[in-house]
Amino acid sequence: MKRFLIALLTLALTLSWGLAVHAQEQAQPVRVASLKGPTSMGLVKLMQDDRETGAYSFTVSGTADEIVPLLVKGELDIALVPCNLASVLYNKTEGGVQVAAINTLGVLYIVEVGDAVNSVADLKGTTLYATGKGTTPEYALNAILRGNGLDPESDLTIEYKAEATEVASALNAGQVSLAMLPQPYVSAVSAQNPQLRIALDLTQCWDQVMPDSALITGVVLMRRDFVQERPEAVSAFMEAYRASTAYTNEHPQEASAWIEELGIAQAAVAEKAIPYCNIVCIEGEEMQEKIAGYLDSLYQQDPTSVGGALPDESFYYVG
């Protein structure tokens with residue numbers, strides 16, 4: 001009888017310890033990282049709400065290079081990153097990450113001081129200033145040009161600068177009149193130069209030539225281990241994130257104040273930019289279809305831009 005009671009007590013203590021450890025694991029904040037740009041704008045309401053709950057630990061970084069090592073080492077659970085980088089990480093980690101949502105569609109625009117460009121065809125013979133040589137902005141622009149029958153190498157001159165700030169400064173100084181810029185730079189420049197206008201929305205231009213995909217800027221990426229070990233936390237985050245993106249789009253004035261706090265953009269610029277940032281939360285089969293088409297376009301131009309191979313269906317977390 002004594003042995004039985006000892007065994008029963010040992011079992012009870014073991015179960016109690018196991019439950020305590022599980023509860024501690026569940027109580028650990030979900031570690032989320034994002035970039036200073038449009039991909040973080042839809043996150044700001046969730047960040048504000050979390051000041052009351054402490055369910056999350058947020059990091060907002062200036063470059064993706066700061067986020068990648070942390071994600072690879074398992075020191076982050078969720079990262080809001082460029083779409084092609086998600087594919088690169090999927091290949092690099094041999095399937096160790098999954099994409100759960102598209103959080104930002106295209107943020108690229110052709111802007112002009114003047115009224116000569118009203119269609120992609122009107123770019124023929126022009127000199128276009130841009131940033132993103134060898135990265136996704138160049139691939140997106142080239143795909144749109146070719147989809148409209150233009151050769152990026154011969155039908156126009158594309159002058160690439162190292163930083164968007166260089167192009168913005170040149171526009172403000174009147175040195176150039178036609179450029180490709182991302183938001184919120186477009187709104188920042190137009191606030192200083194009222195003659196500047198949006199000539200082409202490249203997201204719409206992409207949709208016209210590749211309707212089965214989408215021009216995608218950012219996605220919500222999660223570690224596969226996190227998805228498998230903490231499904232309740234995944235569901236809770238996605239529910240809160242959906243609501244947060246909706247809030248940013250529906251309440252740009254309030255959201256822009258938080259965006260300024262994060263150092264992404266001044267509130268006045270952010271409020272003007274939000275309607276043009278294509279902040280979304282696209283999940284499930286629609287997400288998979290749009291991302292697959294977008295990544296295929298990049299792969300056709302440069303396989304290394306997506307990590308050398310297109311990801312398989314395991315790349316997509318569809319809930």
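Contact is taken here to mean heavy atoms within 4.5 Å. In this predicted model, arginine 224, placed in helix H10 (residues 224-229), touches Tyr90, Gly95, Gly96, Val97, Gln98 and Ser314 when residues up to four places away in sequence are not counted. Arginine 224 is buried and yet has no salt bridge, since the nearest side chain of opposite charge, that of aspartate 312, lies 6.0 Å away, whereas a salt bridge requires the side-chain nitrogen to be within 4 Å of a carboxyl oxygen.

The largest nonpolar core comprises 58 residues, among which Leu123, Leu202 and Ile291 touch the most other members; helix H6 (residues 136-147) gives the most to this core, contributing six residues. Apart from this core lies another, of 20 residues, whose members include Ala101, Val220, Met222 and Val227. For leucine 202, the contacts are with Leu108, Ile110, Leu141, Ile144, Met180 and Leu215, again leaving aside residues up to four places away in sequence.

Threonine 126 is situated in the loop between strand E5 (108-113) and strand E6 (127-131), and it counts as buried because its relative accessible area is 17%, the cut-off being under 20%. Beyond residues up to four places away in sequence, threonine 126 touches Leu156, Thr157 and Leu178.

Technical notes:
Residues are numbered from 1 along each chain as its sequence is written. This is a predicted model: local features need pLDDT of at least 70, side-chain atom pairs count only at pLDDT 80 or more; totals for chains, interfaces and linings use all residues. Side-chain values use heavy atoms; hydrogens and water are left out. A nonpolar core is a set of buried Ala, Val, Leu, Ile, Met, Phe, Trp, Tyr and Cys residues joined through side-chain atoms within 4.5 Å. Buried means under 20% relative accessible area, exposed over 50%, partly exposed in between (1.4 Å probe, protein chains only). Helices (H or I, at least four residues) and strands (E, at least two) are DSSP runs, numbered from the N terminus. Lys and Arg count as positive and Asp and Glu as negative; His and the chain ends are not counted.
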